[in-house]
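Dear colleague,

I am handing over the structure below, and after it you will find an account of what was found in it. Please read the two side by side.

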Amino acid sequence: MKSLFHTFPRTPLLVALLVVLPAITARAQDPRIQLTHLDHLATRASETVDLNFDERLILAAAKIFNDKDEDEAQIKKLITGLKGVYVKSFEFENDNEYSSADVDSIRSQLREPSWTRLVNVKSKKDGNVEVYISLTGSQVNGLTVISAEARELTIVNIVGPVDLEKLAKLEGKLGIPELGVESTKPKTKNEQ
Amino acid sequence: MKSATLIKLATVLMVASLWANVSHAIGDDFNTVVKMIEQFYNVKHEGLPFLAKAAMKAVGVGAKVKGGEARVFAEAGSIKLATFEDQEFNGDFLKFRNSLNTALKDTWTPLVQTISREEPEQNYIFVREKGDKFSVLVVSISSREGTVVQATVSAKNLALLMRDPEEGVKTIKQEATIVDHE
């Protein structure tokens with residue numbers, strides 16, 4: 001009897017594609033970015049903070065935050081639906097302790113088609129702040145902030161439905177640093 | 001022996017061995033971390049003196065937190081503590097961090113990790129669910145001192161820890177090392 005692979009010579013290729021394609025698609029749509037490329041900076045940084053709120057912890061937090069406590073109720077509302085909050089932050093004693101290649105290791109992941117850079121965003125802090133959102137159709141399913149100052153590099157990656165307003169409210173909470181991010185969208189007549 | 005029986009037997013053995021491994025890992029993480037620190041930094045830990053342990057049991061909870069509103073973080077009788085005092089902690093902290101994360105990755109979720117080279121100090125908080133409560137494993141290492149604390153905390157106290165993880169490390173560390181004799 002002929003083997004299956006002999007009868008259908010393309011079967012191995014098809015099987016491989018069936019196994020690999022979903023993984024590739026999932027990876028392309030996954031708004032979680034890899035921050036481990038930056039780990040080596042910890043040897044040069046004076047302060048390093050690495051924060052991981054994965055889905056399990058967020059679900060736990062959503063259950064345990066008390067609605068009667070104003071602060072906790074607000075955080076609960078903000079994190080409900082999120083699938084992860086990841087922060088990596090480095091503070092350096094001197095300028096130029098991190099390279100553009102370090103930042104590019106993050107930017108390169110944000111070149112996936114699902115990511116879009118928001119141009120109408122600035123920060124109250126010095127330095128360069130880039131904000132990217134990940135979209136599935138018209139739904140935002142992730143946000144990444146790269147805050148690159150002369151002596152500080154911070155990456156915030158939020159997975160799940162999030163917008164700038166939500167991010168601004170989360171600043172200073174759950175270990176998320178103050179980024180001073182705000183939209184520079186022109187005000188409407190009513191707002192002026 | 002029939003192949004179906006063999007497969008069943010192999011499956012049972014595999015499941016049993018996995019279960020045993022997980023149980024072993026969950027049960028021994030505190031000791032694993034203490035031993036890892038001892039081996040990595042060539043230091044020796046000190047357990048709690050017998051009298052302090054007795055005092056903690058009598059009080060029910062290890063300590064009260066000083067600074068701000070005094071509160072009890074850990075559940076009664078839940079604290080495991082190992083301290084390293086007046087010893088040299090010289091070593092590659094990134095290598096240590098990687099070893100620690102690798103050792104705990106299957107049984108704990110890393111919440112926050114901070115490294116300060118100025119102080120120098122490393123702090124790690126790992127969390128996992130324990131019924132309706134949570135287990136927290138805190139590892140804190142400075143240039144001459146180290147602390148490993150494993151404690152069971154209520155959901156409310158985990159919420160406090162999540163709201164301000166950095167402050168949470170200090171709080172749990174203080175709580176585990178200041179015995180309240182009241």
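Two strands are taken to pair if DSSP finds at least two bridges between them. With that in mind, and remembering that this is a predicted model, one can turn to strand 4 (residues 133-142) and strand 5 (residues 146-153) of chain B, which run antiparallel and are joined by 8 bridges. Within this pair, B:S135 has B:T152 of strand 5 of chain B as its bridge partner.

Taken as a whole, the open sheet is formed by 11 strands with antiparallel pairing, in the order 3(A)-5(A)-6(A)-7(A)-2(A)-1(A)-2(B)-3(B)-4(B)-5(B)-1(B). Its edge strands, each of which pairs on one side only, are strand 3 (115-118) of chain A and strand 1 (80-84) of chain B, and the twist from one strand to the next averages 10°. Helix 3 of chain A packs on this sheet, where it touches strand 1 and strand 2 (84-91) of chain A as well as strand 2 and strand 3 (121-130) of chain B, and its direction makes about 70° with that of strand 1 of chain A.

As for the contact between the chains, 23 residues of chain A are in contact with 21 residues of chain B. On the side of chain A that touches chain B, two or more residues come from each of strand 1 (47-54), helix 3 (55-64) and helix 4 (70-79) of chain A, with strand 1 giving the most, 7 residues. The residues of that side divide into 11 nonpolar, 5 polar and 7 charged.

With best wishes

Definitions and conventions:
Residues numbered from 1 in each chain as written. Chains lettered and ligands numbered in written order. Predicted model: local features only at pLDDT ≥ 70, side-chain atom pairs only at ≥ 80, totals over all residues. Contact = placed C-beta atoms within 7 Å. Helix = DSSP H or I, 4+ residues; strand = E, 2+ residues; numbered from the N terminus. Nonpolar A, V, L, I, M, F, W, Y, C, P; charged D, E, K, R; others polar. Axes fitted to C-alpha atoms, helices over the stretch in contact; angles between N-to-C directions.
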